[in-house]
Amino acid sequence: MASLPEAAVVARISLIILLAVGRASAQSSDADIIGHEPGPHVEDVTMRASVIDQHGHGYQSQDGATPGSEAMTIFEPAVLFTIRQSDRVVHEVSLPFDFISAASPDAVDATTSASRRNESGDLDIRTAIKMSDRDTLLTRFAAHVEEPMGSGTIGGGWRRSLADDNAAIAATASFTFDVFDDHDHIGTYLGKTARETSSLNVTASQLLSPTTVLDGSYGITYQHGTLRTGWNAVPVPGIGFADELLPRDRVRNVVTARIAQHVPATRSTFKVWYRAYHDDFGITAHTAELDAYQYLVAWLYVRVGYRYYHQSGADFFTTGLTAQPPDGMLRTSDSDLAPFSANEWSAQLAIVRGRAPNPLRDWSLSAELFHYARSNDLQITAVSLTIGKIL
Amino acid sequence: MQLRPSVVAIVLIAFAGCAVVPRNRRQYLADPTMQPTEDVLRDRAHSKIHGAREGAAGGDGEPAGGGCGCSN
């Protein structure tokens, strides 16, 4: 047993050590304890390349007989960067491009090569800024360039999670300004023209069970300006063609609902989506979509999708003019504004990043086959490959 | 287009009757296949195809068509 003086010495030494340790601890910063924030860095890169082959005919094309051919081939590469600026700020930057051959050959090719061969590119930057545990601020800047037009979009929004993330609501708004060359149906250049598009969108999502999510949205879009495609031709049998003429304003309304259900016993997921649309051109459209996902192993799944779309035509859609239309008479023969239905199938095989065994662990890979067929003579087949990596 | 009262009622009942899912029971909800946009580039590519070929684009937070009509 230690004597009293020895115990006092031990106590003093212990006190000194404790004070020293305490002082050292007090000097440690948060960064020493939790590590330094890495600063802005690219978290993830994903690239996709598609080859799209289109066949069919439409009255807006003057390639050959009426309706003209709409055959074209598109090579469409795209890249998506996820950039983390800080623990609260994440940017999503995408750069899709289109290289198009013989898109809707028409009269404008008499003066430009706009549709004979065209390249277009987009820059789309979407940022999510986490303001608190519940609130996120959203911003969007986008630009689009192709031969006869340029376009810019700005947007913003706010998202709030509710009830411990069991529900979320969001509201977003965007404004797009397009400037493009105007032509008549024989290709005469009429100068620059423009249109503006304003959109407001509200969404809500709700967890219904540990395997079920429901979400819905409402959106309204207002467009003003030159909405027609200047060189679109309206056939006048026996006489020739007339210019397309559309209203200068358009209001579009959209309601959507989607339910996603996971089935743990079979490692399957099903998503059903419905969209209703109406605008003041007189077009009412309904879209129904079903996607089924089946895991083959924990890191590899196959997806099969089917989509049905139906639209009524614009009130002023016509292919049966008997004489040159009077000034101010609205008319179009654009097959995109005709009444039609479309069936779409797609199949995809995908590797989930972070789940595959090494050396694929940080990679995502997928291949997709896509087929779209419209009832008014338009078919599209596309093959796509996607590759992504966590950095 | 008018929203039918029956549709609104079904949506309200569905939202009102849902159970709260605690965080420790959300592993299936976190599965990649359960995300609304599990493949962003694919969804945007499909949306572009539809937007350039169908009259019913827009209204859902994306540009309402646009372009010169010769892009895809």
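Me: Which residue of chain A forms a salt bridge with Arg23(B)?

Reply: First, a heads-up: this is a predicted model, in which local features need pLDDT of at least 70, side-chain atom pairs count only at pLDDT 80 or more, totals for chains, interfaces and linings use all residues, and side-chain values use heavy atoms, leaving out hydrogens and water. Residues are numbered from 1 along each chain as its sequence is written, while chains are lettered from A and ligands numbered from 1 in the order in which they are written. A salt bridge is a side-chain nitrogen of Lys or Arg within 4 Å of a carboxyl oxygen of Asp or Glu. With the closest N and O atoms 2.8 Å apart, the partner of Arg23(B) is Asp164(A).

Me: Where in chain B does Arg23(B) lie?

Reply: Helices (H or I, at least four residues) and strands (E, at least two) are DSSP runs, numbered from the N terminus. The side chains of Asp164(A) and Arg23(B) meet at 2.8 Å, N to O. Asp164(A) sits in the loop between strand S7 (149–162) and strand S8 (167–183) of chain A, so the pair joins two chains, with Arg23(B) in the loop between H1 and H2 of chain B.

Me: How much relative accessible area does Asp164(A) have?

Reply: Buried means under 20% relative accessible area, exposed over 50%, and partly exposed in between (1.4 Å probe, protein chains only). Asp164(A) falls in the partly exposed group because its relative accessible area is 43%.

Me: What is phi of Asp164(A) near?

Reply: Most residues other than glycine have a negative phi. Asp165(A), in the loop between S7 and S8 of chain A, goes positive at about 65°. Asp164(A) is not a glycine either, and its phi is positive, near 55°.

Me: How many residue pairs are in polar contact across the interface of chain B and chain A?

Reply: Let's begin with contact, meaning heavy atoms within 4.5 Å: 50 residues of chain B touch 93 residues of chain A that way. A polar contact is a pair of N or O atoms within 3.5 Å; within protein, one must be able to donate a hydrogen and the other to accept it, and residues adjacent in sequence count only if both atoms are side-chain atoms. There are seven salt bridges between chain B and chain A. As for residue pairs in polar contact, both at pLDDT 80 or more, the rule finds 30.

Me: Which helix gives the most to the side of chain B that touches chain A?

Reply: Helix H1 (5–16) and H2 of chain B each supply at least two residues of that side. With 11 residues, the one giving the most is H2(B).

Me: How much area is buried between chain B and chain A?

Reply: Buried area is the accessible area (1.4 Å probe) that two parts lose on being put together, summed over both. Carbon and sulfur atoms give 55% of it here, and the total is about 5700 Å².

Me: How far does helix H2 of chain B reach from its first C-alpha to its last?

Reply: This helix covers residues 40–53, which makes 14 residues. The expected span is 1.5 Å times one less than the number of residues. H2(B) comes close to the expected 20 Å, reaching 20 Å.

Me: Which side chain of chain A makes a polar contact with the side chain of Glu54(B)?

Reply: Glu54(B) is in the segment after H2 of chain B and counts as buried because its relative accessibility is 7%. Leaving aside neighbours within four places in sequence, its contacts include Arg307(A), Asp336(A) and Phe340(A). At 2.7 Å, the side chain in polar contact with that of Glu54(B) belongs to Tyr372(A).

Me: Which residue forms a salt bridge with Arg374(A)?

Reply: The closest N and O atoms of this pair, Arg374(A) and Asp336(A), are 2.9 Å apart. The two are 38 residues apart, with Arg374(A) in strand S18 (residues 363–374) and Asp336(A) in the loop between S16 and strand S17 (340–351) of chain A.

Me: Which residues are linked with Arg48(A) in a network of salt bridges?

Reply: One pair to know is Arg303(A) with Asp291(A), whose closest N and O atoms are 2.8 Å apart. Both residues are buried. The network links Arg48(A) with Asp291(A), Arg303(A) and Glu368(A).
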